[in-house]
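Subject: Structure handover

Hi,

Here is the structure I promised to pass on. My notes on it follow below.

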Amino acid sequence: MTELQAKHWLLPDNKVLRQLESSLKTRFSMQKKPGNKLKYQLQDDYDWHLWHAGYRLFKTAQCEFRLESPKGSICEIAGENARFWWDFPDGEFKNILKRCIKLRALGEICRFEITESTIDLLDTERKTVARIKTTTFFTEDAETPGQQFLSLIPLRGYQNAFNKALELCQAQLNDDAPEPSLDKLLKILGIKLKEKPTNKYGITPSEPCEQAVLQMCKSMFSQACKNEAGVILDTDTEFLHQYRVAIRKARSLINLMKKAFSETTHSQLKTELAALASPTNPLRDLDVFLLDKSYYQSLLPENYAPGLETLFDHIAKERQVAYKRVVTLFKSRAYRQKCKTLEVLFSSAPSFETESSHKPVLTMAKKRTYNRYRKICVLGNEINDETPDADVHELRIECKKLRYLIEFFSELFPEKRISTLAKSLKTLQTILGNFNDYSVQKEFLAAHLAKEKDAEVIAAINGLIAVLHQKQLQERARVCKAFAEFSNTSIATEFEQLFAQ
Amino acid sequence: MRVISCYSMKGGVGKTATAVNIAYWAAKSGIKTLLIDLDPQGASSFYFRVKPTKKNWGSKFFKAYKELVQHVKASDYENLDIIPAHLSFRNFDTMLGDYNKRTARLRKILKGMSKEYKLVVLDCPPTIGYLSESVFTASDLIFVPVIPTTLSERTYEQLNQFFKKFNYKRNRLVPFFSMVQMQKVLHKRTMETMRSRYNNFMDTIIPFSIDIENMGEHRAPVDTYARSRPANKAYFSLWKEMIPLIKKS
């Protein structure tokens with residue numbers, strides 16, 4: 001059986017609707033159900049992750065959240081201030097949020113109002129055989145004219161009635177319109193879709209190296225600055241994280257391509273960027289610790305819970321202090337001036353002071369990547385289960401540099417092959433990263449130990465350090481195998497084919 | 001997809017009223033539901049104002065899912081569709097007599113519905129025969145309304161014996177008291193005896209109610225015209241009690 005499709009029209013005014021009603025009256029009994037004006041908020045995170053994953057999240061004035069996707073909609077009730085995935089009750093709704101927005105907070109994209117009223121078309125038994133629905137969109141400021149759609153909705157098994165009604169509608173109304181959709185409404189409201197972030201910088205293979213690197217740095221730096229407002233508002237911890245990631249990327253790029261710059265320029269850029277990011281270190285460290293609260297709670301037995309709770313209270317207070325410092329910094333004149341200087345540096349024309357600065361960026365990118373890969377092979381092959389931790393850390397740092405090189409210049413290479421390489425590298429990096437995270441967590445806790453006097457808190461800290469140490473040993477035992485997998489011949493051939501010259 | 005049925009060998013015990021109101025509440029809680037009216041008298045179709053197609057199609061009912069799906073009609077309520085009864089359904093027993101593996105036939109045909117529906121509710125005629133045996137095989141749970149009178153008690157006992165004799169799973173039978181008049185001593189006493197004899201009776205009791213009788217007049221589920229009345233609350237609580245049972249089945 002072919003399914004009947006609803007038909008939609010743009011409704012010019014209510015006069016047309018009244019005319020249509022009187023002509024429908026000749027064939028059907030009608031039952032009108034006027035609708036209420038409902039207020040909606042479209043919500044998403046800063047990056048529109050839900051939107052890009054095909055979901056639309058609506059919040060009503062009664063704190064009802066409705067998540068719509070082509071597969072259907074899920075409703076959930078949550079508090080007025082629900083912003084993170086963990087603020088919602090367990091279930092599919094929460095799972096989808098967790099998967100899509102991760103640590104991001106939900107926020108309002110726009111507000112609008114909808115009135116939906118229906119007219120049931122009835123047969124002689126007073127059974128509904130088709131429905132007319134009018135959907136009116138209003139923007140919040142009443143002066144903007146609302147747009148009105150009329151839809152004729154079929155009911156399964158009542159094809160003839162639908163066809164009769166369709167005839168009458170078509171006689172009164174102009175051409176069909178597409179289904180009233182949110183995308184259209186956003187256009188009316190003047191809201192621009194946020195594009196999916198890409199890791200493309202618009203560089204070309206033959207471009208001089210210095211020019212390309214400056215262009216990339218400029219884009220990374222402006223990406224960083226876009227996060228400042230979110231950091232100041234303290235919307236979620238991702239703003240600071242993304243800010244730091246973007247600055248770290250720019251710094252790495254400059255270091256990895258330092259031959260494109262004179263020594264003075266290189267050291268100036270390097271220092272300026274480092275000076276920008278380092279005051280935010282304490283806040284980030286505290287954020288990371290607080291985000292892992294439930295994980296830490298799971299590591300210790302029940303009787304440590306009160307001590308751990310106190311520790312988290314102390315850290316949360318410390319975090320507020322660190323946060324205020326960052327806000328003061330971001331709002332300061334000195335900071336703004338530093339940013340301005342960097343902007344100018346990245347926007348200025350290349351000075352071509354070194355030999356490499358003229359070389360095509362593709363040549364340089366290949367050379368750097370391949371050298372880095374070979375260095376990693378040498379380092380990795382020397383690592384066995386007894387090698388000191390410092391060497392493992394060095395391997396991790398080199399891998400991170402290689403990953404950056406692959407990602408930064410990915411648009412110059414075949415996309416699929418690059419993403420396969422990046423994936424195999426990522427597997428190794430995860431293990432090295434975990435190994436390092438345990439070190440960092442241990443150090444963070446050890447540094448905090450000096451500030452604590454409460455015996456329960458000290459016990460909790462020591463307990464955590466012991467567990468983390470064990471976990472680190474377990475991770476360390478996985479390093480050699482992971483490296484062996486990464487250094488296999490097929491990956492080696494791929495690196496050679498893509499990057500050797 | 002789960003298949004539940006409302007069944008009783010005895011007529012006039014509230015089968016159709018249960019099927020209609022349960023299907024309504026299931027749909028209202030967001031479950032895509034299909035109500036199949038197997039009773040040639042077509043009472044549940046009547047309550048939803050759905051008329052059957054004119055042509056005589058009962059002989060095609062058990063042929064294929066594709067045949068069946070053509071007769072699906074939307075109710076006035078979201079998530080609820082109906083296959084209305086047809087007078088030609090009265091020949092089901094004779095028809096099934098000619099088929100091989102007749103008892104598994106309904107189950108097989110309904111399988112196709114799982115693409116669209118999460119719940120199928122079967123409203124059965126008050127008979128025992130090939131059709132009811134198909135229903136027993138096809139249903140994950142069989143809800144049996146029982147009026148607490150001596151005669152009904154006897155009928156329920158007969159049903160249990162039938163299940164035992166023909167090896168149907170007796171744990172699929174879920175009885176509940178229907179059309180109960182608490183002021184009647186007989187009703188009270190029968191309920192007590194039956195509860196002590198069968199431990200699977202549902203807690204919810206459907207009272208004898210003018211509001212349920214009025215379904216014929218309103219031709220709609222009780223909730224739409226007697227929202228705050230005890231009968232409506234009883235059906236809602238019956239549905240609530242059914243949910244975990246259906247999930248577990």
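This is a predicted model: local features need pLDDT of at least 70, side-chain atom pairs count only at pLDDT 80 or more; totals for chains, interfaces and linings use all residues.

First, a term you'll need: two strands pair if DSSP finds at least two bridges between them. Helices (H or I, at least four residues) and strands (E, at least two) are DSSP runs, numbered from the N terminus.

Residues are numbered from 1 along each chain as its sequence is written, and chains are lettered from A and ligands numbered from 1 in the order in which they are written.

**Strand β9 of chain A**

Strand β1 (residues 7-10) of chain A runs antiparallel to β9(A), with four bridges between them. On the other pairing, β8 (residues 128-139) of chain A is also antiparallel to β9(A), over eight bridges. A:Phe149 turns up in both: it is the bridge partner of A:Leu10 and of A:Thr135. Of the eight residues in β9(A) (147-154), six are buried. By buried I mean 20 or more other C-beta atoms within 10 Å of the residue's own; exposed is 12 or fewer, partly exposed is in between, and C-beta atoms are placed from the backbone.

**Two positive phi values**

A:Arg126 isn't a glycine, yet its phi is near 60°. This residue lies in the loop between β7 (107-122) and β8 of chain A, and it counts as partly exposed because 13 other C-beta atoms are within 10 Å. B:Met179 also has a positive phi, about 50°, but sits in strand β7 (residues 173-180) of chain B. B:Met179 has 22 C-beta neighbours inside 10 Å, so it is buried.

**Cores**

A nonpolar core here is a set of buried Ala, Val, Leu, Ile, Met, Phe, Trp, Tyr and Cys residues joined through C-beta atoms within 7 Å. The largest has 68 residues, and B:Ile22, B:Ala23, B:Val120, B:Val121 and B:Tyr235 have the most contacts inside it. Helix α1 (residues 15-28) of chain B is the biggest contributor to this core, giving nine residues. Contact means C-beta atoms, placed from the backbone, within 7 Å. Beyond four places in sequence, the contacts of B:Ile22 include B:Trp239 and B:Met242. There is also a second, separate core of 67 residues, with A:Leu240, A:Tyr296, A:Val361 and A:Ala460 among them.

**Helices in chain A**

A:Leu253 belongs to helix α8 (residues 238-256) of chain A. With 24 C-beta neighbours inside 10 Å, A:Leu253 is buried. A:Leu405 is 152 residues away from A:Leu253 in sequence, but their C-alpha atoms are 7.8 Å apart.

Helix α17 (residues 455-486) of chain A has 32 residues and should span 46 Å at 1.5 Å a residue, which agrees with the 46 Å between its end C-alpha atoms. The expected span is 1.5 Å times one less than the number of residues. At A:Val479, α17(A) bends by about 30°, the bend being the angle between axes fitted to the seven residues ending there and the seven starting there. A:Val479 is also buried, as are A:Ala460 and A:Glu475 in that helix. The cover over the buried residues of α17(A) includes α12 (305-331) and α16 (415-449) of chain A.

**Chain contact**

Nine residues of chain A and ten residues of chain B take part in the contact.

Over to you!

Definitions and conventions:
Two residues are in contact if their C-beta atoms, placed from the backbone, lie within 7 Å.
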